[in-house]
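Thanks for making the time this morning.

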Amino acid sequence: MEIVCIALLVVLMCPVFSVARPHPQREAVYLNFVVNATDFPWEDKYDYIVVGGGTAGCPLAATLSQSFRVLVLERGGVPYNYQHLMTQEGFLTTLTEVNTYDSPAQSFTSEDGVPNARGRILGGSSAINAGFYSRSDPQFFQTSSLNWDLSLVNQSYKWVEKGVVFRPELKNWQSAVRDGLIEAGVDPYNGFTFDHLVGTKIGGSTFDSSGKRHSAADLLNYARPANIKVAIYASVERVLLASSSSSSSRAAIGVVFRDEMGRYHHAMVREHGEVLLCAGSIGSPQLLLLSGIGPRPYLSSWGIPVAYHHPYVGQFLYDNPRNGISIVPPVPLEHSLIQVVGITDVGAYIEAASNVIPFTSPPRSVFIRTPSSPLFLTVATIMEKIVGPVSSGSLRLASTDVRVNPIVRFNYFTNPIDVERCVNGTRRIGDVLRSRSMDYFKFSDWFGTRNFRFVGPALPVDQSNNEQMADFCRRTVSTIWHYHGGCVVGRVVDQNYHVIGIDALRVVDGSTFSVSPGTNPQATLMMLGRYIGLKIIRERTRMK
C-alpha cells in the first residue's frame with residue numbers, strides 16, 4: 001500500500017505526458033556548448049547572464065544569443081545524463097529518487113504539510129514534469145497589468161511548438177475520461193488544440209511518439225553556438241551590485257557562482273548588459289534575498305547587508321491546490337499522464353492520469369511468497385486544479401546557503417473563493433464517475449453490484465453537501481506543481497520585468513505571475529522566455 005500511495009502522490013502532482021506524432025528529430029547540438037562550471041575561468045564578461053537554465057531561461061538565452069554573448073548558469077546537470085529522465089517509464093523514478101544536492105528533482109515540503117518538488121536540471125521543471133502543453137487562457141493577458149504584444153506572444157508560442165511539442169495519441173483511460181467529461185457536460189468537445197477553450201480538449205505533449213522527452217533545454221538547439229556558454233553544476237550565490245552610473249539607484253554588475261568543487265567564479269556584465277534571474281518561484285526570490293534585496297528588517301536579522309529595501313520579495317506566493325480520486329481498475333491500463341483536460345466554467349480544470357507501478361508483497365509476509373518476476377498494478381486518477389488561486393503565502397530563508405530550500409507556506413484554501421472552486425471541481429469529478437464511460441472501470445461484487453475500488457479517500461456520498469465537499473478539499477489537498485509568485489509584477493518587478501529600484505536586473509520566470517496561466521503553465525513560461533528575449537533585442541536595437 002505504501003508503494004501505491006507514493007506513486008499515486010507523484011501521479012497526481014504532475015502535469016502530463018503522451019504519445020505523439022514526431023517532428024523531424026534534431027540532435028542535442030546544445031551539448032557542444034555545455035561545460036562543467038569547474039572548467040570556467042575565475043572571471044569573464046558577458047552581455048547577458050541568465051541565472052537558471054530552466055523552462056523560461058533556456059528559450060530566453062537561445063534568443064538573446066542570436067545577437068549577444070550569453071552565459072547560462074544552471075545548478076544541475078544535463079538531462080541526457082539521466083536515462084530514466086528521458087523516458088516515460090522513468091517518470092516516477094525521477095520524482096522519487098531524490099537527494100539533497102544533485103538529483104534532477106529537489107523535493108521540499110511546505111509548512112502546509114504538502115510535499116512538492118522543483119527542477120534541478122538543465123530544462124528545469126520542464127525536464128521532470130509529465131509534459132502537458134496548453135497555451136494560457138486569454139484572461140491571463142487581459143488582466144496581468146502588462147502591455148502584451150499579442151502578435152509577438154503568438155509568434156513566441158509557435159516558435160516553442162515547432163521545437164518541442166507533439167500531438168498525443170489517446171489510449172483507453174484518456175479516451176474514457178474525454179468521453180466522461182463530455183457526458184458530464186464539460187462541452188463542447190474541441191478536439192486537439194493548443195488553445196485554451198472552455199470544454200473538453202486534447203492538449204499537446206513534450207514526449208514524442210517514441211516516448212522520448214523534450215524540454216526547454218532542447219530550445220537551446222536554436223541558439224547561436226559561438227555566442228553562448230552553458231555552465232552546469234554552477235550554483236549562483238548572489239547578484240553583485242554597485243552604484244548605477246545612469247541613476248541614483250544600484251545596478252547589477254554580475255554574479256558570484258560556485259562550482260561543484262566549491263571554488264568561486266565571477267561572471268560580470270558588459271556595458272548595457274543585464275543579469276536575468278530565471279531560477280523559478282523558489283529560486284529567484286531566494287537569490288534576491290541573499291543579494292540584499294528584500295525587507296530591510298528581515299535581511300538585517302540574517303546579517304545580510306541591505307542593498308535595497310523591497311518589502312514584497314518572497315510575498316504573494318501561490319500554489320494551485322489539487323484534489324481528486326484514484327481507483328484500481330479491474331483490467332490493466334496503459335501508462336498515461338494528462339493528455340485530456342476539461343476546462344469548466346466553474347473555476348476548475350479536470351485532468352486524469354493512469355500509471356503502472358511495481359507491487360511488492362509486505363516484508364516478512366507469512367502467506368505471500370515473493371514472486372519470481374515483478375508484479376505491476378495500475379492506478380487511475382481523476383483530479384481537479386482550481387483557477388487562480390486567490391489564497392497566497394510567502395517564502396523565507398532557511399539558510400544563507402543557496403543550496404538549501406527556503407521555507408515556504410502557500411496557505412491553501414484560506415480564501416473562500418478557492419474553496420468554492422474546489423467544491424465545484426470535485427463535484428464535476430463526481431459527474432464524470434457517474435458517466436457511462438466509467439462503467440468499464442468498476443468491479444462487480446458477489447451480488448452483481450458494480451462499484452469502483454478507491455485507493456485513498458473517495459468523494460463524499462452526499463456531493464450536494466457543501467460542508468462535506470469543502471472538508472474533502474481541505475483534507476485531501478496536494479499540489480500539481482504549478483506554484484508561482486514571489487516576485488510578482490507591480491510589486492517586485494515592473495512591466496518590463498526589471499526589478500524595481502535596481503538597474504540591469506530582471507526576473508523572467510513564473511515568480512512574476514500572480515495567477516497560473518491556464519491549465520498548465522509550462523507553455524506560457526517557454527513562450528515568456530522567447531518573448532522577453534525578442535523584446536530585449538528590440539530595445540537594444542533602438543539604443544544604437
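Predicted model: local features only at pLDDT ≥ 70, side-chain atom pairs only at ≥ 80, totals over all residues.

Helices H9 and H10 are roughly perpendicular to each other, because that term covers angles of 65 to 115 degrees, and here the axes of H9 (residues 416-433) and H10 (residues 466-475) cross at roughly 100° and come within 9 Å. Axes here are lines fitted to C-alpha atoms, for helices over the stretch in contact, with angles running from 0 to 180 degrees between N-to-C directions; helices (H or I, at least four residues) and strands (E, at least two) are DSSP runs numbered from the N terminus.

Residues are numbered from 1 along each chain as its sequence is written, and side-chain values use heavy atoms, with hydrogens and water left out.

Which residues bring H9 and H10 into contact, meaning heavy atoms within 4.5 Å? On the H9 side they are Val419, Cys422, Val423, Thr426 and Arg427, and these meet Asn466, Met469, Ala470, Phe472, Cys473 and Arg474 of H10. By class, that contact has 7 nonpolar, 2 polar and 2 charged residues, where Ala, Val, Leu, Ile, Met, Phe, Trp, Tyr, Cys and Pro count as nonpolar, Asp, Glu, Lys and Arg as charged, and the others, Gly among them, as polar.

Turning to the sheet, 4 strands form an open, antiparallel arrangement in the order E24-E23-E18-E28, with pairing taken to require at least two DSSP bridges between two strands. Strands E24 (407-409) and E28 (484-485) stand at the edges with a single partner each, so one side of each is left without a neighbour in the sheet. E23 (residues 393-396) pairs with E24 over 3 bridges, and Leu395 has Val408 of E24 as its bridge partner. Helix H7 (residues 280-290) lies across E18 (315-318), E23, E24 and E28, running at about 50° to E23.

Now the cores, by which I mean sets of buried Ala, Val, Leu, Ile, Met, Phe, Trp, Tyr and Cys residues joined through side-chain atoms within 4.5 Å, with buried meaning under 20% relative accessible area, exposed over 50%, and partly exposed in between (1.4 Å probe, protein chains only). The largest has 132 residues, of which Trp148, Leu220, Leu288 and Leu505 touch the most other members, and its largest share, 10 residues, comes from helix H11 (residues 522-543). Apart from it lies another core of 24 residues, including Trp173 and Val340.

Finally, some enclosed elements. All 8 of the 8 residues of helix H2 (residues 57-64) are buried, so H2 is largely enclosed by the rest of the structure, and these residues pack against elements including strand E3 (43-51), helix H5 (150-164) and H11. Strand E19 (residues 321-327) is likewise largely enclosed, because 7 of its 7 residues are buried; Pro321, Asn323, Ile325 and Ile327 point one way from E19, and Arg322, Gly324 and Ser326 the other. E19 runs antiparallel to E22 (residues 375-386), joined by 6 bridges, with Ser326 opposite Thr381.

Notes. Contact = heavy atoms within 4.5 Å. Parallel < 35°, antiparallel > 145°, perpendicular 65-115°, else oblique.
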